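Reader: Please take a close look at one helix pair and the cavity beside this topic. Give me the cut-offs as you go.

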Amino acid sequence: MQKKDQTYIKKENRVMVLDLIKRQGPISRAKIARMTKMSPTTVSRIAASLIEYNIIRETDLHSSGVGRKATLLSVNADSILTVGVELDETKARICVINFLDKVITETEFDLLENYSPGNVVKQIKDQLAALIQENNIHWDKIVGIGVGLPGLIDHLTGKIHISAQLGWNHVDFGQLLENALEKKVFLDNELKLKAYAEQHLGNGRHSERMVMIGFGSGVGSSLILRGDIYRGHSNFAGEIGHTTVDPNGALCPCGSFGCLQTYIAEGFLLEEASKRQKINNLQELIELADNNENWAVNIIERAAIYASLAINNSVCMYNPDTVILTGSLIENHPYITEKVFKNCETNIWEPLRHSFSLKRSSLGQKGVMIGAAMFAQTNFIEKLNLEEGILL
């Protein structure tokens with residue numbers, strides 16, 4: 001037990017030191033020791049192992065004005081590369097990021113019609129190979145691949161329980177992709193990964209308790225506590241779209257009636273509009289509402305009201321300091337976004353109305369693939385045993 005405890009402590013210390021160097025470097029060993037309350041000897045030992053494996057490097061000498069100069073430590077940005085993949089109903093996105101979370105290259109492509117998990121794996125493999133060749137990326141520097149997609153995902157095994165958008169049930173997608181690429185693959189729900197990226201790189205920075213809510217083809221949420229994803233017991237935390245608001249309401253694809261998302265999600269809005277006239281896309285409905293077509297105004301207004309209630313319920317449950325809105329309804333349609341924000345002025349419970357910041361996602365459509373790549377990077381670092389030079 002003692003050996004296990006010491007291994008855990010060493011790993012936590014290493015991750016803490018590396019994160020400080022990554023976020024605040026160039027930084028001195030002495031400053032790291034002060035900030036982490038570790039001994040200078042421990043910090044120096046950790047730094048030496050990170051330098052040996054080329055993960056960090058010593059930079060130019062820095063003078064504080066008195067005494068001897070201190071050698072600063074910074075991340076070797078290109079020592080570790082990870083791949084991020086996003087899958088949605090019709091498209092996929094792939095990016096490669098370096099150790100400072102900078103996107104080196106990216107691509108977007110349409111998924112083949114009537115796609116199967118095997119076909120998607122082949123498309124990802126082919127597109128990634130082309131991306132690597134075009135940008136002269138060394139394959140051996142890629143230490144992991146993260147994948148974000150809609151649905152209920154077992155992030156520990158890489159299995160998809162159900163993804164209604166992709167039409168997949170009980171698919172061991174992580175293993176399929178690992179077998180094809182011969183790299184470690186990490187699978188997770190898209191909104192969790194997008195929230196993870198937003199908290200570290202976007203409008204959620206400096207937040208201790210952030211909620212991201214997505215409004216698009218479905219409705220979901222994700223909670224980030226002190227930089228980590230809150231998952232619940234089975235990684236299903238945040239499925240607010242399937243909370244029941246009317247047991248006698250419309251049938252949801254999940255099989256229940258009156259789920260929250262049946263009042264907000266894009267497909268349901270178009271279905272409701274089609275009862276009045278033929279509508280090809282959401283923008284047409286918005287244009288009708290903007291021209292004061294009453295029935296179109298009512299559909300949009302009702303969606304905005306329910307969206308604000310979803311925000312209110314999340315605020316009441318989690319008491320966050322920041323709420324980030326994302327999804328196609330928010331990022332592609334300012335008309336709807338404005339109405340959601342307006343409704344929040346009256347539909348948020350008064351004692352909590354001014355207790356949090358309400359913002360839009362700053363990462364937009366790139367958030368999921370960036371978050372997936374960051375998640376793969378984090379998993380690699382946490383499992384790296386530098387003392388033995390192997391993965392735990």
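Author: H7 and H9 cross in a right-handed way (the near helix is turned clockwise from the far one by less than a right angle). The model is predicted: local features need pLDDT of at least 70, side-chain atom pairs pLDDT 80 or more, while totals for chains, interfaces and linings use all residues. Numbering starts from 1 along each chain as its sequence is written, and side-chain values use heavy atoms, without hydrogens or water.

Helix H7 spans residues 266-273, and its axis lies 10 Å from that of H9, at an angle of about 155 degrees. Axes are lines fitted to C-alpha atoms over the stretch in contact, with angles from 0 to 180 degrees between N-to-C directions. H7 is therefore roughly antiparallel to H9 (over 145 degrees). Helices are DSSP runs of H or I, at least four residues, numbered from the N terminus.

From H7, the contact (heavy atoms within 4.5 Å) takes Leu-269, Glu-272 and Ala-273. H9 brings Trp-295, Ile-299, Arg-302 and Ala-303. By class, five are nonpolar, none polar and two charged. Here Ala, Val, Leu, Ile, Met, Phe, Trp, Tyr, Cys and Pro count as nonpolar, Asp, Glu, Lys and Arg as charged, and the others as polar.

Now the cavity. The lining of the largest cavity includes Leu-269 and Ala-303. Lining residues have an atom within 4 Å of a point on a 1 Å grid where a 1.4 Å probe fits but cannot get out. H9 gives the most, three residues. The lining has ten nonpolar residues, no polar and no charged.

Key. On a 1 Å grid over the protein atoms alone, a cavity is a set of points where a 1.4 Å probe fits but cannot get out, and a pocket is an open set with protein on both sides within 12 Å along at least five of seven lines; lining residues have an atom within 4 Å of a point. Helices (H or I, at least four residues) and strands (E, at least two) are DSSP runs, numbered from the N terminus. Angles under 35 degrees count as roughly parallel, over 145 as roughly antiparallel, 65 to 115 as roughly perpendicular and the rest as oblique.
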